[in-house]
Amino acid sequence: MKWHYFDDEDLQAVKRVLDSGQLCSFGSGATEVPAFEEEFKAEFGAPLAVAIVNAMAGLHVGVVASGAQYGDEVIVDPMVTFASLGALYHNCKPVFCDVEKDTHLMDANLLPEVVTDRTRAIIVTQIWGLCADMDAINTFAKERDLTVIEDCAHAIYATYNGKYAGTLGDIGVYSFQGSKQMALGDGGMTVMKTEAHRDIINEMNTFGTVPPRLGWNYRMNEVVAAIGRVQLKRAAAYVKMCQDAAALYNEAVAGCEWLVEQADRPGRVNTYHIWAAIFEGDNYGISAEQFTQALADKGLGWGMGYIQRPAYGHDCIAKYLDEEPDCPVAEYLMPRIILVSTGGEPEGHVEAAEKLAEVIASF
Ligand SMILES: Cc1ncc(COP(=O)(O)O)c(C=O)c1O
């Protein structure tokens, strides 16, 4: 199996669209986008699906579909910015729920501390490829009539008790951006359970002249959908490559107390879009500088700290907040996190994992 390959089948799919003369999915003649939606639904057991230009648009329309009005609150996790931005696109206030130290996922136990009577939705990031505690999150949301939006940009084919990420909450959002496991240059898919949500998302995505609401024309075009239909047949194999790469890194850190890989949970399958580990060498007399220098000496240019501060520490989000959120676990994890992309051909990962093991052994 090769990583992200495009061959004659993709070319034929593009040619089919070009020959048809219909590249835009607006109007009745479109066939590729509806077919892609049908095939995606069938693959993941999702009741309904609407293709979209990218996952950010998906998060935005998910918030709109929740019925949130301007000024309402959306609970988000702080390890990435995407969920907060999705809330802000609709002039909603992102309210931050801290994460579990070992999985880096939204900590469902903390939801009662951040919910208010203005909360309308929860956006949960299935981070690095692992699903959060969806039973607890869904139960909490149901009791308060909140919409649960899953950000599955990392988690296509992740499962939770046998069900696919994206089908666990009310609305699931996937990304087909170039670095993702299924990559179409750009693109996204939303899946949902109710026709009401589907109809709002369609209204947000497509209009001709006068939109029925403040729509954004977020629809996917026919060319992307045609390639998507081919790549969907290969996506599970790409995910398997990521899982195999992550297994090498997990093996490299096995027994190391100061480099702790993202934990798993029984009943959940991680796609490992990204292999993540937390550096705790400072508790063992190893500084972050020593460690990153040792990695660099081996040619492993992995930075530490990702975006350095939780999402709310960045001006694009901070300036919309009235108060500083309280997420001590995310504050602890962020400067210590090491993220390794699991994409690409296996040989590179075999070599990198060997080097990582050597670096660990050198301390
Ligand atoms: C967790 C997460 N959510 C959302 C996005 C946004 O995806 P897109 O580029 O398709 O808008 C990304 C992209 O990096 C992501 O990693």
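User: What residues in α3 meet which residues in α7?

Analyst: V61, V64 and A65 in α3 meet H197, I200, I201, M204 and N205 in α7. Contact here requires C-beta atoms, placed from the backbone, within 7 Å. The model is predicted: local features need pLDDT of at least 70, side-chain atom pairs count only at pLDDT 80 or more, and totals for chains, interfaces and linings use all residues. Residues are numbered from 1 along each chain as its sequence is written.

User: Why are α3 and α7 called oblique to each other?

Analyst: Helix α3 (residues 55-65) and helix α7 (residues 195-205) pack at an angle of about 130°. Angles under 35 degrees count as roughly parallel, over 145 as roughly antiparallel, 65 to 115 as roughly perpendicular and the rest as oblique. The two helices are therefore oblique. Angles run from 0 to 180 degrees between N-to-C directions, with axes fitted to C-alpha atoms, for helices over the stretch in contact. Helices are DSSP runs of H or I with at least four residues, strands runs of E with at least two, numbered from the N terminus.

User: What makes β1 and β3 edge strands?

Analyst: The open sheet has the order β1-β9-β8-β5-β4-β2-β3. Strands pair if DSSP finds at least two bridges between them. β1 (48-52) and β3 (93-96) each pair on one side only.

User: How many bridges join β1 to β9?

Analyst: Five bridges join β1 to β9 (residues 188-192), and the two strands run antiparallel. The bridge partner of A49 in β9 is V191. Helix α7 packs on this sheet, touching β1, β8 and β9.

Technical notes
Two residues are in contact if their C-beta atoms, placed from the backbone, lie within 7 Å.
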